[in-house]
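This report describes how the parts of one protein chain are arranged. Please look at the sequence and the structure below before reading on.

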Amino acid sequence: MLAVVPPPVTVRVPAKVNLHLSVDDLREDGYHELVTVFQALSLTDEVTVAVTEEPGIEVYGEGEGSVPTGPENLAWRAVEALAAHAGRTGEPKVRVVLRKGIPVAGGMAGGSADAAATLVGLASLWNLDVTRDELAGIAAGLGSDVPFALYGGTALGTGRGEQLVPVLSRHTFHWVLAFAAEGLSTPKVFGELDRLRAAGNPPRIGSHTPVVEALASGDPRQLALLLGNDLQAAAVSLRPDLRRTLRAGVNAGALAGTVSGSGPTCAFLCEDAQSAVEVAAELSGAGVCRTVRVAHGPVPGARVVGGDDANRPTPPRVHA
Ligand SMILES: C[C@@](CO)(OP(=O)(O)O)[C@H](O)COP(=O)(O)OP(=O)(O)OC[C@H]1O[C@@H](n2ccc(N)nc2=O)[C@H](O)[C@@H]1O
Ligand SMILES: Nc1ncnc2c1ncn2[C@@H]1O[C@H](COP(=O)(O)OP(=O)(O)O)[C@@H](O)[C@H]1O
């Protein structure tokens, strides 16, 4: 009798921006305790998983040359973690195709997004009886940002960022994203913050409560005043040019700008969709970044979008 091979599964998964990121001191396990408000954005990766006799990873799109295709790829680690959870032994006979729209090492959790999408895609491909909360437990073992990519929306993250509570967000917020020519390493940026704190006393952002209130009010002007990120000083210290990018976005008409997570992507909050398009156009001509994109949030987390579409082209660029 012929074995039935299930069709490939494709999952779309969002990038994140940190609207608020307060970083406490280094813990004994090498992580920093933090409080963050994540928002999932319409900037996405697409991940297709398929049963195959030639297991491995293929990468197309944003930063394709700088993403590992071996076992260190976070998506492959997700394959192995889910296989172990499901009690499947031997090398998983899975091919994973990543179509990247999220900048690599950009502070927008692209690798985490791919891992989350792989968990969701494989659970469907293998027909596993696992809840999203069970997947979140596996996700937390892969990286601090992976659980958020599963749920999406807007959420408060605590611990090392993996403990999540949903936050009410009443509005669609409009963003312009400025991608840098080169990524930044997350551990290096945390290390730079430790160094800056040992050398002096850089200001720390306050409580997340006003941000949560602004999200409930749905007023982008109120939210813009409250965007804050303790890692921004460290990212700017490693990449002084980011100051110019941040200034250029506000000069172009954004309400406010912030470094996303550990950077170097800068995220600019705009009044509305029209304003975002105008800010993006002006920023593209300012020569302060590699690429500009518009995006909105919140959007849902990793979700299955279709089946046999392994040849789907990479989405076109909106702004060069
Ligand atoms: C800074 C943030 C903000 O959302 O995102 P990115 O800017 O990387 O996207 C996250 O905290 C990053 O999460 P993620 O990228 O999943 O990091 P992990 O793989 O868990 O950790 C990578 C390394 O970053 C440092 N790290 C990470 C999280 C944390 N709370 N404290 C840390 O000190 C540690 O050195 C750790 O070894
Ligand atoms: N699927 C993946 N996509 C992107 N980067 C990956 C992936 N798997 C592993 N990496 C590695 O993780 C590093 C961090 O990438 P990424 O998750 O995009 O950035 P960030 O942590 O800044 O949000 C990259 O430099 C790359 O070497």
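Strands here are DSSP runs of E with at least two residues, helices are runs of H or I with at least four, and both are numbered from the N terminus. Ala, Val, Leu, Ile, Met, Phe, Trp, Tyr, Cys and Pro count as nonpolar, Asp, Glu, Lys and Arg as charged, and the others, Gly among them, as polar.

The domain assignment places residues 9-167 + 299-306 in domain 1 and residues 173-297 in domain 2; such bounds come from an automatic or database assignment. Taken over C-alpha atoms, the centres of the two domains are 23 Å apart.

Residues are numbered from 1 along each chain as its sequence is written, and chains are lettered from A and ligands numbered from 1 in the order in which they are written. As the model is predicted, local features need pLDDT of at least 70 and side-chain atom pairs count only at pLDDT 80 or more, while totals for chains, interfaces and linings use all residues.

## The largest nonpolar core

A nonpolar core is a set of buried Ala, Val, Leu, Ile, Met, Phe, Trp, Tyr and Cys residues joined through C-beta atoms within 7 Å. The largest one has 100 residues, of which A116, L119, W175 and V176 touch the most other members. Strand β2 (residues 32-51) provides the largest share, 9 residues. Domain 1 and domain 2 each supply at least three residues to this core.

Leaving aside neighbours within four places in sequence, V176 is in contact with residues including F268, C270 and V294.

## Helices α2 and α3

Helix α2 (residues 110-125) and helix α3 (residues 132-142) pack at an angle of about 145°, with their axes 10 Å apart. Axes are lines fitted to C-alpha atoms, for helices over the stretch in contact, and angles run from 0 to 180 degrees between N-to-C directions. Residues A115, A116, L119, V120 and A123 of α2 meet L135, I138, A139 and L142 of α3. The residues of this contact divide into 9 nonpolar, no polar and no charged.

How values were computed:
Buried ≥ 20, exposed ≤ 12 C-beta atoms within 10 Å, placed from the backbone. Contact = placed C-beta atoms within 7 Å.
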